Amino acid sequence: MFRTALRNVLAHKARLLMTVLAVTLGVAFVSGTLVFTDTLKKSLSGQSAKSYDGIAVSVTSYGQGRDEEGRPEGEPGISQQTLDKVRGLGGVDTVSGRVQGFAGVGDEGGKLIGSGWSNKGSNYAPVKDGKDPRYAFTTGAGPAKGDEIALDKATADAGGYAVGDKVRVATNGPVKEYSLAGVFTTEDGAVQAGGSLVLFDTKVAQELYLKPGFFQELSVSAKAGTSADRLLTEIKPLVDGEHTKAQTGAELAREQAKDIERELGGMSTMLLAFAGIALFVGVFLIYNTFTMLVTQRTKELALLRAVGANRGQVMRSVLAEALVVGVVSAVIGLVSGIGLAVGMRSLMGSFGAKLPAGDLVIAPGTIVAALVIGVLVTTLAAVLPAWRTGRIAPVAAMGSAHLPASAKSLVLRNILGSVISVLGIGVVLLGVSMGGDGRMVIGAGAFFMLIGMIVLLPLLSKPVIASVRPLLQKLFGVPGKLAAQNAVRNPRRTAVTAASLAIGLTLVTTLSVLGITMGKAVDRMSTDKLKADYKVSMSGGSGYLDKSVPETLAKTPGIKAVSPQIAGALRIGGEFASASGVTPGAIGQLLNIEVLSGSLDSLGKGEVAVAEKTATAQKLAVGSPLQVQYEDGEKGSLKVGAVYKDLEGLLSPYVIDEKVLNAHSDEPFISEVYVNVDGGSSKAAQQTVVDALGKNPAMTVATRQDMRDEMGGMINLALNIMYGLLGMALIISVLGVVNTLAMSVFERTQEIGMLRAIGLDRSRVKNMIRLEAVVISLFGAVLGIVIGVFLAWAVGTTVSKTIPDYALVVPFDRIGIFLLLAGVVGVLAAMWPARSAARLNMLTAIKTE
Amino acid sequence: MTTMNYAPHTTQAVAARATGLSKVYGQGETQVVALNDVTVNFNQGEFTAIMGPSGSGKSTLMHCVAGLDTFSSGSVRIGDTELGSLKDKQLTQLRRDKIGFIFQAFNLLPTLTALENITLPMDIAGRKPDKQWLDTVIAMVGLSDRLGHRPTQLSGGQQQRVAVARALASRPEIIFGDEPTGNLDSRSGAEVLGFLRNSVRELGQTVVMVTHDPVAAAYADRVVFLADGSIVDQMTAPTADGVLDRMKAFDAKGRTS
């Protein structure tokens, strides 16, 4: 029986081509993901292990601690005294203390080098021999004086800086000029990945990032013969009570490796989910192929039964065929997947994310997973067709080869489909009624709804496609009419083909509608809620501005109103609540704050403005007293002076005078500063602001349009990544359309021959096949879009409460493009089948019985 | 080798004509001559049957004359049109406008009703069928009450009657039938042949039919006999017995030679 299966596979090479291709693509996606993430994992962990080489024990500070009352306690880091004590231990060879933070280097034009990703500054910490073992200098040496720095080689090269040059370095405060003392290379992961690193003299770095005399981290190396564990037990008591954690280097490396694994795990899960979708879509194609192969061989299989093969044997022969196809496809897929992983690495490299070099990791698990998935998917998809083979009666060997599908099974199918669909829609609606907690429920409902729709598709296909027939006939004449009729001749096959497209389109539409809706909401927020001309923030969106920034700007002529948005915290009733520190007189001119009761002027009197939702939840109203505890632990009594309509994303629920917050904190976290200028936004005005900030390359002065573009850009990028990942599923569904059409052409050889004989010319035969493909594709696309919009609406309602003025936006332009693409997909998919139909030899076609 | 000219001696107008027609497959040792220098006329308003044993080239002759197949040398004319110089598109148009076909396997489109199948060639051409003529044809083949049926709901004989009506409906200059009764029982076959003969006698249609059945050939006005790619004989006003005897003679000659 197995030999029969093998022969059959070889005999139907061409017809199995699409199946092989579909499985291959899916398996390649899976194995590519696995190989890529494994490789990345290994090289990243290898690197992190390397950077802990020679570190026996590492002590990390958690920053300033707090007592039970929430008051800050102790020092912000590890003191020099502690460092000295550790150095004094017998087994210790060297100890170096480190601090680090943001440091941006400008090029000659004042632009940030390596913007966006990792711009760090740290201290150069020479040990006994006067050198810091972490850094290898290519030219010059480490900074020895306060006005000296060292730069990593890539950054120095990018800026065209040589030893002795003056370099402008921006931290979160004013820009300062340093002279370049040396250029180095390092194993530091962030630098290897393309980030910039500035090394300061330790004193300077401490001043910039922590507090003079304190470190964030100690790296201890052991003398020969001293074990790391012994050192750890000796060090622990010394650093106890400083809010620190002491670990051996090996432990730290392990921990980092675990972190890397977790981070990459997220990525690989996402990629695998998309691979899963692609494979799921592939199942439909495989199912169609095997159904057709079995139908065509009904006579042959019945003959096998007639000569004595039993049901199981016949079924197994079909499954064995699927197995062969699965194994072949899985192997090709695995090999292509490895190629894909190599490609992905160089692709990411071309985007500027330098990944550490390393050998490709092909884990045995990957090979097993690829093979198992390929074989399982193919065989499972063939189970139903195989089962049908078992039911072929031996007598069919004598009769006609084409047995019409029984009407009864469609009835059963329709009932089943309706029940599942209604159930699915019901569950989705239930999820909608649950609000924010209903997202998982909606997801489950969506799954059932999709399954139900797929089951119902044969029923739906007839009226839907019949409704476009008059139009097709009018536009394209006989080919149009025949195409519409042919599309529903085998409703099951059409349905399965359209279903695979519908799945992809459902996901694409849902994501697009949600993405655009969110984008529009954010857009409205920045247009309606923001009155400021500019927003000043740190480049890359991370880090805080120096406290000098608002003061400097306020003093600059031409600037009308300035207010920082300080990300502060208040402890109210034992719970931490976020609070925004603002400049009382100015904030009303910068943000469109809708005051519901009270007045914003009350901020100037040290009172608090509370967002409406919070006020309702906490039962606060104008005049309510508010017992708070500040960041330094001091308690205070405030009063609610105003209630305003929530401005999520712009202001925290509690708004308070910055001075009140600053009085209780050394270093205010200024996330952004809003600025209004005289005479409104203009190029010159923007330059005034930039100049006032000392042309700091690390700070961005964004116009309202910039802010909109930034959000829009992020949403578009996210959508484009999703489109790219769903592309694989769409490619497989296109293969499905090709497959179905090739089958149709093959089955209708005689008919096409007759049509040619009685006068349908080649180009119109091609048109007929093309239109059939377009009809099937559009049918799937329309269905997917309808379900997609519905699901987007459902998911949207669950988040609508957290977004002010939420309104579902259906991007008709994009949907139009999807439909157009579906049409193009149809035309492309029909290319090869249409060509072979047009080239049919009429005579042999007519003669076939 | 003697080549006989089977152009009739009458002055009747010619619907289709093959002159020195040859068709050769393959090259060198594997070369097969399907048609060898065939010259034959098919007269307007005449029912001609092409007979011959299998492999004699009778189907090939019909395919070449009907513009379904290409030929190696010689010429074929349908009316005034020389087929040899036509491109595929023009050939298709010629078949659509000037030729009707009836196939052994009926070849109806299962998605169309009987009426839609009948008007299909005109729909393809974008022409409106002549209502009166259409009614005449449908009445003749006796399908008036079956027009809304699909082919699967019709018997074999009825399906072939639809095919006959399809061939007649567009009033082609000539109708070619390729074993039109090959898949039918004798009664249905007789019906179909009767319709074809009536279309010639009453409507002035020209019909050329390939068959290996002497009874079918007896319905024709003239029978052309083919053997080994050449025309070997012809018979006017044939009877089934006469045709059978002639065939037996060829068969015997073939065996003794």
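Visitor: Which residues of α1(B) are called buried, and what makes a residue buried?

Guide: In α1(B), they are Lys58(B), Ser59(B), Thr60(B), Leu61(B), Met62(B), His63(B), Cys64(B) and Val65(B). A residue counts as buried if 20 or more other C-beta atoms, placed from the backbone, lie within 10 Å of its own; with 12 or fewer it is exposed, and in between it is partly exposed. The structure is a predicted model, in which local features need pLDDT of at least 70 and side-chain atom pairs count only at pLDDT 80 or more, whereas totals for chains, interfaces and linings use all residues. Residues are numbered from 1 along each chain as its sequence is written, while chains are lettered from A and ligands numbered from 1 in the order in which they are written.

Visitor: Why is Leu16(A) called buried?

Guide: Leu16(A) has 24 other C-beta atoms within 10 Å; the definition asks for 20 or more, so the residue qualifies. Leu16(A) belongs to helix α2 (residues 13–51) of chain A. Setting aside residues up to four places away in sequence, Leu16(A) touches Val9(A), Thr289(A) and Val325(A), a contact being a pair of residues whose C-beta atoms, placed from the backbone, lie within 7 Å. Ser733(A) is 717 residues from Leu16(A) in sequence and 15 Å from it in space, C-alpha to C-alpha.

Visitor: Why are the buried residues of α9(A) on the same side of the helix?

Guide: The buried residues of α9 (298–306) of chain A are Thr298(A), Leu301(A), Ala302(A), Leu304(A) and Arg305(A). They cover an arc of only 150° around the axis, and therefore lie on the same side of α9(A); the arc is that of the directions from the helix axis to the C-beta atoms. Just after α9(A), Gly308(A) has a positive phi of about 120°.

Visitor: What is the strand order of the open sheet of 4 strands in chain A, and which strands stand at its edges?

Guide: The order is β5-β15-β1-β16, with antiparallel pairing. At the edges stand β5 (92–98) and β16 (244–248) of chain A; each has a single partner strand, so one side of each lacks a neighbour in the sheet. Neighbouring strands are turned by 15° against each other on average, direction ignored.

Visitor: How do you know that β1 and β15 of chain A are paired, and how many bridges join them?

Guide: Pairing requires at least two DSSP bridges between two strands. Strand β1 (57–61) and strand β15 (217–222) of chain A are joined by 4 bridges, so they meet the criterion, and they run antiparallel. Thr60(A), for instance, has Glu217(A) in β15(A) as its bridge partner. Helix α3 (80–87) of chain A packs on the sheet, touching β5 and β15 of chain A, and its direction makes about 165° with that of β5(A). Such angles run from 0 to 180 degrees between N-to-C directions, along lines fitted to C-alpha atoms, for helices over the stretch in contact.

Visitor: What is the pairing in the open sheet of 6 strands in chain B?

Guide: The pairing is mixed, and the order is β6-β7-β8-β3-β9-β10. The edge strands β6 (99–102) and β10 (230–236) of chain B each pair on one side only. Within this sheet, β3 (47–51) and β8 (207–210) of chain B run parallel and share 4 bridges. In β8(B), Val207(B) is the bridge partner of Phe47(B).

Visitor: What makes a set of residues a nonpolar core, and how many residues has the largest?

Guide: Such a core consists of buried Ala, Val, Leu, Ile, Met, Phe, Trp, Tyr and Cys residues joined through C-beta atoms within 7 Å. The largest has 208 residues; Ala278(A), Val775(A), Val164(B), Ala165(B) and Leu196(B) have the most contacts inside it. Helix α23 (762–799) of chain A gives the largest share, 18 residues.

Visitor: How many residues of chain A are in contact with chain B?

Guide: On chain A there are 18, in contact with 20 residues of chain B. Helix α22(A) gives the most to the side of chain A that touches chain B, namely 4 residues.

Note on methods:
Helices (H or I, at least four residues) and strands (E, at least two) are DSSP runs, numbered from the N terminus. Two residues are in contact if their C-beta atoms, placed from the backbone, lie within 7 Å.
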